[in-house]
Amino acid sequence: MKIGIIDADLLDKGTRHPNLALMKISGYYKKENEVTLLSSYDDIPNYDKVFISKVFDFTKTPNLSVYDNVEIGGTGFFGVEAKDLPREIEHHMPDYHLYDEYIENEIARGVKASKFNDYKDGSIGFITRGCFRKCPFCVNRKYDKPVKHSEIDEFLDKDRKYIYFWDDNFLAYPKWKEELEKVKAANKPFEFRQGLDIRLMTDEKAEMLNSMRYRGDWMFAFDNIKDRNLIERKLKIWKKYCKKQTRLYVLVAYDSQDVDDIVNAFERIKILMKYGCVPYIMRYKEYENSEMRGMYITLARWCNQVSFYKKNSFRQYCIDVNGVGSSAHRYMTEFESKYPDIAEKYFDLRFEELNEY
């Protein structure tokens with residue numbers, strides 16, 4: 001058969017990450033069929049079977065119901081109801097060359113090769129699947145607890161530099177230590193790309209993790225200010241062992257999109273400054289319709305650019321970095337005029353002054 005593959009996220013706004021499900025589908029069918037990554041929906045009629053997937057629900061796709069040779073899947077189409085791949089495909093070695101022609105074409109037209117590092121450098125897979133927390137904003141809610149999913153050899157390409165684990169909540173898996181020993185034996189730098197759950201940290205976990213060949217920043221999450229006491233206790237444990245940069249996702253605009261949510265964001269940022277950690281502002285889509293939209297944008301631009309966050313207070317970022325009259329300066333000034341007490345409490349906080357580590 002002639003089989004087409006469409007990464008809908010790629011065709012819409014682009015994406016930093018390859019689609020793992022599509023790579024597994026390609027790897028499975030390439031054994032006996034011609035498989036091609038398609039660059040247009042117009043090519044669908046030219047193929048016997050076309051698999052289309054998207055991760056994000058905001059990714060735009062045309063009307064696909066007019067085709068009888070199309071099969072769709074992924075959280076972008078079905079959310080928490082997205083079906084698993086058939087077992088023989090789910091546990092097949094991904095086709096790490098699915099995107100090669102696309103990458104070559106992009107580089108040829110002037111896109112920097114470094115943009116495609118995730119496509120070219122990493123073996124990608126899951127040691128475990130599932131999480132017990134059932135966070136309402138997360139699409140990974142179909143499991144009641146983490147379960148073993150696969151051995152590393154199932155997706156490890158020894159010619160690739162790194163291993164990227166996409167586990168949902170690895171540290172909640174009872175046999176985490178046994179699995180980390182296998183990761184260590186693979187002898188390659190690795191990352192947990194979905195982050196780890198800082199609330200489950202112990203001295204044993206922190207010591208072992210920081211003895212390994214971890215690549216990049218350690219990533220955790222601080223989604224709710226109600227967890228502040230627990231987060232602080234766990235960060236104290238973590239910082240005893242960790243010498244690398246630690247970042248925590250800070251979810252905003254989910255429970256509300258008002259001034260209280262801005263205060264909660266600043267309070268979490270203040271706590272992370274104290275522990276020498278970097279926030280990464282994750283804006284829930286509802287921020288776009290909020291009167292605080294400008295503040296959400298400016299907070300994200302300040303925190304998510306680490307050099308600015310570490311060297312400048314929020315006020316300095318808005319005035320000194322962006323300049324008087326800039327949109328950041330305007331958003332800051334408008335907020336301060338309405339909420340001077342909040343501005344006085346948070347706008348001049350500086351990482352260099354609060355960092356105790």
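Are E90 and K24 buried or exposed? Both E90 and K24 are buried, where buried denotes under 20% relative accessible area, exposed over 50%, and partly exposed the range in between (1.4 Å probe, protein chains only). The structure is a predicted model, in which local features need pLDDT of at least 70 and side-chain atom pairs count only at pLDDT 80 or more, while totals for chains, interfaces and linings use all residues. Residues are numbered from 1 along each chain as its sequence is written, and side-chain values use heavy atoms, with hydrogens and water left out.

A salt bridge is defined as a side-chain nitrogen of Lys or Arg within 4 Å of a carboxyl oxygen of Asp or Glu; by this rule, 29 salt bridges are counted. In one of them, the side chains of E90 and K24 meet at 2.6 Å, N to O. This pair links distant parts of the chain, with E90 in helix 4 (residues 87–90) and K24 in helix 2 (residues 20–29), 66 residues apart. Helices (H or I, at least four residues) and strands (E, at least two) are DSSP runs numbered from the N terminus.

A salt bridge also joins K30 to D95, with the closest N and O atoms 2.8 Å apart. Because K30 is in the loop between helix 2 and strand 2, and D95 in the loop between helix 4 and helix 5, the pair ties together parts that are 65 residues apart in sequence. K30 is partly exposed, at a relative accessible area of 36%, whereas D95 is buried, at 8%. Elsewhere, R16, D118, E191, R193 and R215 are linked in a network of salt bridges.

Grid points are joined across faces, edges and corners, and a volume is the space filled by probe spheres set on the points.

The second largest pocket holds about 260 Å³ of space. Its lining comprises 13 residues, of which L37, L38, S39, E101 and Y102 lie nearest the centre. Helix 5 gives the most to this lining, with five residues.

One cavity of 30 Å³ or more is found in the whole structure. The largest cavity is lined by I297, T298, R301, Y317, N322, S327, A328 and Y331.

Note on methods: On a 1 Å grid over the protein atoms alone, a cavity is a set of points where a 1.4 Å probe fits but cannot get out, and a pocket is an open set with protein on both sides within 12 Å along at least five of seven lines; lining residues have an atom within 4 Å of a point.
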